[in-house]
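User: Please examine the structure shown below and answer some questions on its packing and ring contacts.

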Amino acid sequence: MNTQEIDFVQQSFALVFARKADLAERFYVHLFARIPEARAMFRGDFLKQKTMLTTMIAACVKKLDDRRTLQELGEQLVLVHAHLDLGQRETEAAKRSLIAALRDVLGADLDRQTEAAWGRAIGLVAGTMTRH
Ligand code: HEM
């Protein structure tokens with residue numbers, strides 16, 4: 001990602017940050033609409049789950065210019081999802097759900113350039129979310 005793309009993602013995430021609970025809420029609404037069976041995979045405290053999701057997104061957004069740390073975060077994602085046997089379909093659904101959630105929260109502030117930059121960012125991290 002170039003510096004401008006990183007700026008787009010970081011600046012838009014700064015706008016989202018105050019509403020990160022909404023972002024997580026919308027993410028799961030979109031994810032479960034795309035993959036209904038995913039709902040039953042979550043067995044723990046869902047409120048806590050939403051916090052873990054936004055904490056992970058925040059950590060990735062902060063480290064977009066640090067390949068090594070980003071790769072480590074990607075590896076963490078692989079590990080926490082390993083037992084779920086997620087594949088290409090789920091990875092794609094996660095990308096689309098996050099973009100859709102950003103659109104829900106940011107509205108017109110998610111312009112085309114910002115959306116494209118998020119697409120690249122998600123591709124970098126979530127591309128490694130699954131091993132297959
Ligand atoms: C943007 C993509 C995603 C991110 C950033 C993300 C992030 C996370 C994080 C941080 C955790 C918490 C791990 C822990 O307990 O420390 C988690 C758990 C989990 N994720 Fe994801 N996730 C993503 C996509 C998905 C997708 C696509 C699915 C299913 C289709 C999924 C299903 C789960 C489940 C079921 C758990 C709970 C695991 C358990 O407690 O057994 N995630 N995720």
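Analyst: Ring pairs join Phe-27, Tyr-28, Phe-32, Phe-42 and Phe-46 into a cluster. Rings of Phe, Tyr and Trp (its six-membered ring) pair if their centres lie within 6.5 Å; planes under 30 degrees apart count as stacked, over 60 as edge-to-face and the rest as tilted. The model is predicted: local features need pLDDT of at least 70, side-chain atom pairs count only at pLDDT 80 or more, and totals for chains, interfaces and linings use all residues. Residues are numbered from 1 along each chain as its sequence is written, and side-chain values use heavy atoms, with hydrogens and water left out.

User: How many aromatic pairs does this rule give?

Analyst: The rule is applied to ring centres within 6.5 Å. The count of aromatic pairs comes to nine.

User: Which class does the aromatic pair of Phe-32 and Phe-46 belong to?

Analyst: Phe-32 lies in helix 2 (residues 20–34) and Phe-46 in helix 3 (residues 46–62), so the pair ties together parts 14 residues apart in sequence. Helices are DSSP runs (H or I, at least four residues), numbered from the N terminus. The centres are 6.1 Å apart, and with 35 degrees between the planes the pair is tilted.

User: Is Phe-46 buried or partly exposed?

Analyst: Buried means under 20% relative accessible area, exposed over 50%, and partly exposed in between (1.4 Å probe, protein chains only). Phe-32, at 10% relative accessibility, counts as buried. Phe-46 has 28% relative accessibility and therefore counts as partly exposed.

User: Which residues does Lys-50 contact, leaving aside its neighbours within four places in sequence?

Analyst: Lys-50 lies in helix 3. Its relative accessible area is 15%, so Lys-50 is buried. Contact means heavy atoms within 4.5 Å. Leaving aside neighbours within four places in sequence, the residues in contact with Lys-50 are Ala-24, Glu-25 and Tyr-28.

User: What is the angle at which helix 1 and helix 6 pack?

Analyst: Two packed helices are described by the angle between their axes and the distance between the axes. Axes are lines fitted to C-alpha atoms, for helices over the stretch in contact, and angles run from 0 to 180 degrees between N-to-C directions. Helix 1 (residues 3–17) and helix 6 (residues 112–126) have axes 8 Å apart and pack at an angle of about 100 degrees. That makes helix 1 roughly perpendicular to helix 6, a term for angles of 65 to 115 degrees.

Definitions and conventions. Helices (H or I, at least four residues) and strands (E, at least two) are DSSP runs, numbered from the N terminus. Angles under 35 degrees count as roughly parallel, over 145 as roughly antiparallel, 65 to 115 as roughly perpendicular and the rest as oblique.
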